[in-house]
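Dear colleague,

I am handing over the structure below, and after it I set out what was found. Please read the notes with the structure open beside them.

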Amino acid sequence: MSPATQFYVSSLSILFGINLIAVWGLDLQYGFTGIYNFAYIVFQAAGAYTTGLFALHPAAYYQANETYVGGFNLPFPLPLLAGAAAGGLLALPLGFIGVRRLKGDYQAMAMLVLSLIATAFVNAQQNLVNGPTGISFVEKPLSTQLPLTPLGYQWAYLGLVAVITLIVLWIVRSIVSSPYGRVLRAVRDSETAAASLGRHVNTARRTIFVLGGALAGLSGGLLMYYVTAWSPTSWLYPETFLFFTIIVVGGTANLAGNALGTLLVPILIVEGTRFLPQIGYPGLIDSLDWVVIGLLMLGFLWFRPQGLLPERRRKWVTFVPEGRRSLHDLLRFRPPSALPVSTRGER
Amino acid sequence: MSLIPGIIAFGLYSACLYAIGAVGFTLQFGVTNVLNLAYGAILTSAMYVDYAIGRGTPSIWFGILIGAVWGALVSVVFGRVIVMPYVRRGASLVAMAMVTIGVALIVQYTLEAIQGPFVYSYQVAQQSTVRIAGVTMSEEQLIIIGAAVVLMIAVHALLQYTRLGLAMRATAVHPSLARSCGVSTERVRTTAWLVSGALCGISGVLLGISTGSFDSVTGASFFITVVVAAIIGGVGKPYGAMIGALILGLVSSAAAAVISPDYKDIAAWVILIVVLVIRPQGIFAEFSSGRELIG
Amino acid sequence: MSAGAEPDVPVTGPAAATPAPSSGETRAEPAVGEPARAHQAILHVADLKVHFGGVQAVAGATFEVHRGTITGLIGPNGAGKSTAVNAIAGQVHGATGRVVFEDNEILGRRVEEISRLGLRRSFQTANLFGRMTVMENLLMGAPPWNGEHLRASIIGRRKWHRREAELTWKALGIMEDFGVASLADELAANLSGGQKRIVEIMRTIMGEPTMMLLDEPLAGINPALARTIGHHLLALRDAGVTMLVIEHDLGLVERLCDPVIVMAQGKVLSEGSMSDLRRNKEVVSAYLTG
């Protein structure tokens with residue numbers, strides 16, 4: 001592989017891992033627990049900003065006319081942990097406003113508006129994170145300490161992202177295949193019934209909202225360290241919609257489906273824009289990207305709302321030791337179940 | 001305080017602008033049961049169309065006409081060609097929300113792809129001003145207030161004094177019961193899209209004219225205000241939306257005058273958060289059977 | 001089906017305590033062959049009032065349910081039966097009065113808490129977890145246990161494997177009792193109406209409740225199935241579970257319930273056995289006019 005190709009592949013892979021962490025966090029909230037967090041991107045932004053603020057020197061150091069709070073110049077991995085924590089902490093007030101009592105599409109709308117407000121707020125408050133211009137100059141972790149070429153460093157960073165992604169996979173998978181995961185799905189399917197069976201519905205929703213927020217923050221931190229700059233244009237409200245499209249395309253409440261969606265949707269976007277007519281203003285490919293994403297979402301919600309890899313049906317034999325499969329079987333790709341789920345059900 | 005007449009005047013003016021948009025939005029939800037998150041994109045498109053047809057001259061009456069026709073047209077198409085098929089297919093309410101956001105993206109970014117990310121400005125015409133109770137207001141602002149009042153009265157008349165309005169109110173409260181009483185929900189819904197679409201388009205055009213310039217994202221921040229006004233009054237309640245718009249207009253105007261002009265938007269945000277925390281269903285909404293919006 | 005459960009899944013709770021305890025408590029000894037009936041009120045409702053959407057749905061209802069009985073709750077439409085049951089289960093805001101369950105004041109408490117005290121309800125329209133299998137629905141029916149926490153899912157895997165297996169076998173046993181074991185892996189949303197009703201009841205039983213509130217459990221079910229479910233309910237009663245059942249089919253009520261409470265216009269009209277009530281002029285006219 002030529003260096004250019006290597007750069008390209010490693011770069012895509014890094015973004016794949018970063019996005020997958022965020023997508024799992026969102027599917028945990030949406031697909032498994034039934035929370036409609038249309039402000040999800042704000043949590044990733046919080047993680048990115050926090051990581052930046054913890055890693056950078058104070059603003060005056062760079063003499064670049066930037067203003068922002070913080071600048072603690074802490075070594076890796078502390079800023080990354082701070083980013084994840086920020087995402088989780090943000091879930092407390094936002095959860096109080098949007099998760100406690102709101103349900104369904106009303107919740108979706110309220111979260112969307114909160115997302116718009118967050119963008120407007122950051123743009124207006126120059127002193128917080130440097131407003132519309134955003135913050136930059138973040139140093140890639142250990143880039144000066146490690147004697148690596150840029151390409152070599154890229155592979156090393158990919159290694160870091162891969163390890164963290166696997167850890168997140170382990171955590172999310174443990175939750176999803178446990179009795180607690182069952183409680184979450186019960187809360188998703190019928191809050192009333194879950195409460196009547198003694199489960200604490202609001203506690204579960206709040207907890208997963210925080211956990212999802214932390215995963216978004218972690219993803220944001222990794223993204224910040226990779227792109228080294230972050231501004232409001234990176235986290236407009238359509239970005240949340242992109243994550244939802246990935247989930248709907250790949251498969252709701254299916255971790256492998258989430259991975260498939262994360263892999264496939266960017267490819268579909270690139271291929272899709274090839275076919276759309278180049279209308280009017282030339283060079284604005286990015287705009288057409290969003291048109292394709294909108295069409296993808298509409299298309300899948302019409303033709304295959306459960307996604308490419310639908311939610312797995314858990315057979316009861318897997319709950320007892322006699323029938324519990326070996327690790328090998330569990331990792332094996334399992335085809336969609338024979339009986340289709342009625343499309344009239346809640347997604 | 002000598003600020004008060006100014007606050008009230010400007011507050012009323014803002015409220016009028018918000019009211020047209022908010023009543024349209026809330027009417028759509030009330031009758032069709034769909035939270036149309038593409039509303040902001042549609043009103044933005046009306047801005048573009050008016051600008052294109054009028055070639056940048058800000059004529060309010062012409063603008064209202066263009067906005068009403070375009071908005072109504074687009075909304076009816078949107079409602080019948082996109083929304084209803086998904087609903088008939090059994091899409092959940094959240095899936096519908098995602099559909100409307102998808103359409104919002106398609107509309108917003110198609111506009112951007114065609115026209116570019118530029119800001120369009122109306123040619124500033126020489127405004128004659130009027131002085132009322134110690135406050136100077138432009139002719140344009142007064143016309144907008146007048147137009148809003150006329151539209152609100154028209155909506156009120158439609159809802160209270162026509163059979164169609166009665167049918168709309170019945171469908172909003174209890175669709176299946178209305179249907180069994182012989183109300184053609186299909187026709188009522190189409191009418192709702194028409195009327196609310198017209199209001200949507202009008203509010204978009206007036207927004208563009210009143211702020212003087214716009215781009216493909218101008219509709220987004222106005223959408224926040226429209227939604228907040230609707231939420232204050234209770235989504236689905238037109239009179240609630242009017243009151244919500246009034247509250248929003250006066251409070252944001254007061255905040256801008258007393259604290260600082262930057263705080264105009266912040267007032268809306270704070271009100272939204274307070275409402276969502278204390279009384280998420282708004283002033284008037286109770287949310288009828290089967291429609292679970294809050295727990 | 002026998003009154004007890006399978007040997008490897010012993011029924012804990014009230015059934016074990018039904019024989020006269022040796023701890024010296026004063027409790028009326030049930031006569032041999034008679035269903036266990038301690039003459040104590042397990043549920044005490046006093047002056048329950050519920051104002052609902054502009055209507056006084058329950059206007060001061062007072063009644064008691066005795067331990068170990070299947071108590072019927074009947075009355076014409078709009079009598080306030082469902083509303084009263086909803087209020088007892090904690091699902092209604094703004095109810096006033098007094099509701100005591102096993103010495104616990106439960107009026108105003110949250111649904112989750114009341115359920116954890118042992119008072120469970122089934123729903124009029126089966127409220128199942130549609131995207132989960134029947135088995136998973138039943139597993140959710142078990143009382144909340146400590147494997148269902150976040151930390152247990154990540155850290156204590158080996159601990160909950162065993163408990164989950166126990167619950168699975170128990171659920172399978174219940175399914176076999178009802179003859180629906182073949183539906184174990186079926187998604188709840190794909191079931192027929194009658195099947196959903198059975199799953200609803202099985203799920204309530206899974207929690208070994210002390211008392212069950214059943215809102216029209218047999219409505220719309222074919223007579224054969226209704227009779228089967230009725231048998232199961234009687235067996236449950238013999239095992240010590242108390243039930244308050246809202247039903248409209250008076251024949252079924254007569255077969256299953258004793259005593260029976262009659263409500264009309266938000267208040268309790270009368271109480272007694274079905275034969276007594278049939279002779280009660282007030283009750284008869286309430287049904288005709290109510």
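Please bear in mind throughout that this is a predicted model. I begin in chain C, where helix 2, made of residues 81–89, lies across strand 1, strand 2 and strand 4 of that chain, and where the helix runs at about 115° to strand 1 of chain C.

The strands under discussion belong to an open sheet of chain C, in which 4 strands follow the order 2-1-4-5 with antiparallel pairing. Strand 2 (55–66) and strand 5 (104–105) of chain C take the edge positions, and because each has a single partner strand, one side of each is left without a neighbour in the sheet. Between strand 1 (residues 41–52) and strand 4 (residues 96–101) of chain C, which run antiparallel, there are 5 bridges; within this pairing, Val45(C) has Val99(C) of strand 4 as its bridge partner.

Strand 3 of chain C, residues 70–74, is mostly covered, with 5 of its 5 residues buried. Gly72(C) takes part in both pairings, for it stands opposite Val245(C) in strand 8 of chain C and opposite Val260(C) in strand 9 of chain C.

Turning to how the chains meet, there are 2 pairs of chains in contact, and of these chains A and B share the most contacts. That contact takes 43 residues from chain A and 42 residues from chain B. On the side of chain A that touches chain B, the elements giving two or more residues are helix 3 (78–98), helix 4 (104–124), helix 10 (237–250) and helix 12 (285–303) of chain A, and helix 4 of chain A gives the most, with 12 residues. Sorted by class, this side of chain A has 30 nonpolar, 6 polar and 7 charged residues. Chain B and chain C, by contrast, are joined by no contact, and their closest C-alpha atoms lie 10 Å apart.

With best regards

Technical notes: Residues are numbered from 1 along each chain as its sequence is written. Chains are lettered from A and ligands numbered from 1 in the order in which they are written. This is a predicted model: local features need pLDDT of at least 70, side-chain atom pairs count only at pLDDT 80 or more; totals for chains, interfaces and linings use all residues. Two residues are in contact if their C-beta atoms, placed from the backbone, lie within 7 Å. A residue is buried if 20 or more other C-beta atoms lie within 10 Å of its own, exposed if 12 or fewer, and partly exposed in between; C-beta atoms are placed from the backbone. Two strands pair if DSSP finds at least two bridges between them. Ala, Val, Leu, Ile, Met, Phe, Trp, Tyr, Cys and Pro count as nonpolar, Asp, Glu, Lys and Arg as charged, and the others, Gly among them, as polar. Axes are lines fitted to C-alpha atoms, for helices over the stretch in contact, and angles run from 0 to 180 degrees between N-to-C directions.
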